[in-house]
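This briefing concerns the two chains shown below and the interface between them. Please read it alongside the sequence and the structure.

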Amino acid sequence: MTDTSDFVRIEHAQKSFGKLEVLKDISLTVERGQIVAIIGPSGSGKSTLLRAINDLDALTGGEIWLDGVQVNKTLPHRQYEKHINEMRQQIGMVFQHFNLFPHLTVRENVTMAPMLLKDLSKAEANKLAEEQLDHVGMLERIEYYPSQLSGGQKQRVAIARALAMKPKLMLFDEATSALDPELVDEVNQVMKKLAEDHMTMIIVTHEMDFAAAVCDRVLFMDQGVVVEEGPPEVVFKNPVKDRTREFLRKHIEGAK
Amino acid sequence: MGLDFSIVPKYMDVILLGCAWTIGITVAAALLSFFGGIVFAVIALYGPWLLRQPFRLFAWLFMGTPLLLQLFLIYFGLVQIGIDLPAFVAGIIGLGLHFAVYNSELIQTAILAVDKGQMEAARTLGLSRGEALRKVVIPQAVRAVLPPIGNNMIALLKDSALVSVIGVSELTLSAQRVIGKTYRPFEFYLLAAACYYVINLGMEWVQRRIERRISISR
């Protein structure tokens, strides 16, 4: 029996596309309420790792555990589908390109999954949507369609949509990378608010300042391995590994 | 002897009844072809092999042979194996399935063109693939191809004249019958043409309304 005292537990995660190894034996644990940032150059495998947590990209080896339940357990196809759909309800995910449903209003974007999967009545779902949208400051736009929103507003709605399923864990896959610089902050503010609510979060990001300010731990990944891991003040200020140092130097220069 | 429309009012009730049949058959077949098109598209893209292969044969049959022949097969052919359909039902099924196959081609392409992130976002919320298709992917795909589907529906209206050959008293056959009595083919064929034109206008109007309503929601 695997130790389940950790909230999120990734054990020997391994992923290959043919001969290309994208993740090489990665292990990681996240405690309840912790916020972990994953940084690294593109192609380092950080998005793949994040997408493995809710099995959007299936691992070729290793285990993912959430709150004592194995996410990617071996089951016959039909049973696995049922199991993974239940697991995914507990894992919210926010994408770089928002992926709001363009044919639905903001309200419908948020209410659809709870009504379909949690059998909420329309009134209950509406109340839930209003709460969540209020939380991200998007209540005024509840009847708008996604095409009528700015990128930052879309991303806030996407966060509300994920939160409406009351997830135990939130995954952010470069949530601010596609935004105009002046819109980044409104999304970061929402994420900070989630941090204050003690939401467990794993964040793939290019924003070192945000990671430093909000996260409990930072992982630096390169070429499918975790090169360095630690509290942000150590990883950002006094990295031990040369590769981390080089990445941060380039990144900070690039940002200037 | 020139054109003389003074005879028309006497037979107007026959022509109007023909119009009613044409409209009824067209609307029923259009609905069948629309929803059938969605079902066929899902089978063609996601169906199990055992369903997909017979469907390909079926689709080929409906796209590769004349509609007239298909109507004969459904109306006269099926009787032989004990399926005796009323002519108008056979007509609706024939027209509906024929155009469902064409609509299905459009919808398949549109489904494949929906951004992959849409499916991912739906799956991430916990929807099954079927739920994600039903709630997220297909509604977007169908919206994207409504204009070409509308064109198919206009073609369907025109091809509905073919069901006259299995004895449905729709507009064309009604006109023919009146001509049989009056020997005034020019007047009554022109009248029938005008009726088709008006029905066509009506369909375009409905289509525009649907498209406008849906385009707001994008």
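Over residues 8–248 of chain A, what percentage of the chain is helix and what percentage is strand, and how far apart are the end C-alpha atoms? The span is 40% helix and 25% strand, with its end C-alpha atoms 27 Å apart. This is a predicted model, in which local features need pLDDT of at least 70, side-chain atom pairs count only at pLDDT 80 or more, and totals for chains, interfaces and linings use all residues. Residues are numbered from 1 along each chain as its sequence is written, chains are lettered from A and ligands numbered from 1 in the order in which they are written, and side-chain values use heavy atoms, with hydrogens and water left out.

**Chain A**
- Chain A contains 9 helices and 10 strands, where helices (H or I, at least four residues) and strands (E, at least two) are DSSP runs numbered from the N terminus.
- UniProt, in an unreviewed entry, lists residues 8–248 of chain A as "domain: ABC transporter"; such annotations may be inferred rather than shown by experiment.
- The radius of gyration of chain A is 18 Å, which agrees with the value near 18 Å for a compact globule of 256 residues; the radius is taken over C-alpha atoms, and the globule rule is 2.2 Å times the number of residues to the power 0.38.
- Along the principal axes, the C-alpha atoms of chain A fill a box of roughly 55 × 50 × 35 Å.

**Chain B**
- Chain B has 9 helices and 0 strands, and its C-alpha trace spans about 75 × 45 × 20 Å along the principal axes.
- The unreviewed UniProt entry annotates residues 20–45, 57–79 and 85–102 of chain B as "transmembrane region".
- Residues 20–45 of chain B are 100% helix and 0% strand, with end C-alpha atoms 37 Å apart.
- Residues 57–79 of chain B are 83% helix and 0% strand, and the end C-alpha atoms of this span lie 22 Å apart.

**Interface**
- Chain A contributes 24 residues to the contact and chain B contributes 22 residues, with contact meaning heavy atoms within 4.5 Å.
- Between them, chain A and chain B bury about 2000 Å², 60% of it on carbon and sulfur atoms; buried area is the accessible area (1.4 Å probe) that two parts lose on being put together, summed over both.
- In chain A, the residues losing the most area to chain B are A:Phe101, A:His103 and A:Leu116, together 28% of what that side buries.

**Salt bridges**
- The rule finds 2 salt bridges across the interface of chain A and chain B, each a side-chain nitrogen of Lys or Arg within 4 Å of a carboxyl oxygen of Asp or Glu.
- One salt bridge joins the side chains of A:Arg51 and B:Glu120 (2.7 Å, N to O).
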